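Hi everyone, thanks for coming. Please take a moment to look at the picture on the screen, and then we'll walk through it together.

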Amino acid sequence: MKNELQRGLSNRHIQLIAIGGAIGTGLFLGSGQTISLTGPSILITYLIIGFILFMFMRGLGELLLSNTKYKSFVDIANNQLGPYAGFLIGWTYWLSWITSSMSDLTAMGSYVNYWSTAIPNWLTILCIVLLLIVFNSLGAKLFGEVEFWFSMIKVITVIALIVVGVIVIFLGINSYGTTASFSNLYTDGFFTNGPYGFLMSFQMAVYSFIGIELIGVTAGETKNPEKSIPKAVNSVPIRILLFYIGSLAVIMSIMPLNKISPDNSPFVQVLAILGIPFAASAINFVVITAAASATNSGIFSDSRMLYGLSKEKQAPKIMAKTNKHGVPHIAMFISTSILLIAVMLNYIFPNAIKLFIYITTVSTVLYLLVWVLIIISYIKYARSNKDEHKRNKFKLKGGHYAAYIVLAFFFFAFVLLLFSNETRRAVYFLPIWIIATILMYLRYKEKKRKISKMYFESSGKSYTPTRNID
């Protein structure tokens, strides 16, 4: 059908996309920063965030399955909270992926520098963006296939690291004068930098999970959402225990905390010191694929967001056009063109890690806003449909009461961002963005009113403005 999305994503695509959403630059690159902030207590940070986000995903899954006509959480917000909420969440999510993709592209430039500092970051970024544009132009099925293999590489790598790490720990191999042992997790204190360091670790740790809500965008192109979505959501706890808790516990057991650099990937560092031939380069390649995977997801998500907004007449009409593969190609090209700003930023600012941190803080704030709107939509749904909630086979246990706990945590995370100079600036950006979306929304609303008036006048009918034209 012309200008319609195609259901090209199979169950295996959805499962690996869900896993890929939980393994990205936040784990491979950002974990060095979080470990330096709080030490072994980062494991508790990930457990807390993981538990909260599992409840969050159960709520999102219940919403998506409550109405199979929902193509994404833009539709959910429009239906549950009203047209401005749908407008706000759609454009915020679009900008969220723009900023997070910029940070991932910046990280990729840093990773390539591990092999050769002669290759400028901006050139690496330009080549990767052009390559991903080609992949995304050829349909959701190819996107799913690329993401499947990107995610498979990440999964195999993390499992291999854990297996090798456990062997090293049991053999008691010495590195930097320290014997590898699980006791290293508590010998020098579990909370290395005290309560403050522990609380500050939440910002980067939250960023590690951005993209976890991606199945809420793929719903409109999933062949069997009733089967795929519950399976993907229910795997969240295992993913967190294995990929985050397991891998970081092994890394901190092998490598002295004071030797883990916040400016580099601890995954690369730990295999480099073990002297395994080519292992560090192999891991570096994997973290590049992790960042490419996240950027690939960002390009997919942004094009679908603009497509959905256009369908709701909340974005230019041209954004709803699709090519023969069912890809909203105009929306995709516009989004990826904006990503090229990352090329310019990396040309101007040579310190990739500092640029990475600044961009991730803005991205984290925007994602938190999206998550807040999703969980508020769930609360509205659960309070208004108590009987339906009880009958649902797949649901958030505790309904809106559990959702209030999730919402409280998100506000807690917002408050924590105010305690750091670097993250506080990103919070200040939020009200500016909300004001901008209000002005944009009023413009589109007025445009829609004029179109409606012209239609009535051309058909010879009298036009009477309604209270809510949306």
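Before going on, a word about what you are looking at. This is a predicted model, where local features need pLDDT of at least 70 and side-chain atom pairs count only at pLDDT 80 or more, while totals for chains, interfaces and linings use all residues. Residues are numbered from 1 along each chain as its sequence is written, and side-chain values use heavy atoms, leaving out hydrogens and water.

Now the overall view. The protein chain has 20 helices and 2 strands; these are DSSP runs numbered from the N terminus, with helices being H or I of at least four residues and strands being E of at least two. Of its 470 residues, 59% count as buried. Contact means heavy atoms within 4.5 Å. Among the contacts in the chain with a separation of 6 or more, 82% are between residues 24 or more positions apart.

Back to W97, which has a partner. The structure holds 21 aromatic pairs. Rings of Phe, Tyr and Trp (its six-membered ring) pair if their centres lie within 6.5 Å; planes under 30 degrees apart count as stacked, over 60 as edge-to-face and the rest as tilted. Y93 and W97 make an edge-to-face pair, 6.2 Å centre to centre with 85° between the planes. Why are they about one helical turn apart? Because they are 4 residues apart in helix 6, residues 83-113. Y93 is buried as well, at 0% relative accessibility.

Another pair is Y378 with Y381, this time tilted, at 6.1 Å centre to centre and 50° between the planes. These two are 3 residues apart in helix 17 (residues 352-384), so about one helical turn separates them. Both Y378 and Y381 are buried. Ring pairs also link a cluster that includes F56, F190, W371 and F412.

Rings can also have a charge over them. The definition asks for NZ of Lys or CZ of Arg within 6 Å of the ring centre and within 35 degrees of the ring normal. The charged end of R58 sits over the ring of F394, 4.2 Å from its centre, and R443 lies over the face of Y444, 5.5 Å from the ring centre.

Which residue's C-alpha is 9.2 Å from that of W97, although 113 residues away along the chain? That is I210, which lies in the loop between helix 9 (194-208) and helix 10 (215-218). I210 is buried, with a relative accessible area of 10%.

L132, in helix 7 (residues 121-137), is buried too, at 2% relative accessibility. Its C-alpha is 9.8 Å from that of F300, 168 residues apart in sequence. Not counting residues up to four places away in sequence, L132 touches A292, T295, N296 and I299.

Finally, what about V163? V163 is found in helix 8 and is partly exposed, with a relative accessible area of 46%.

How values were computed
Buried < 20%, exposed > 50% of the residue type's maximum accessible area, 1.4 Å probe, protein only.
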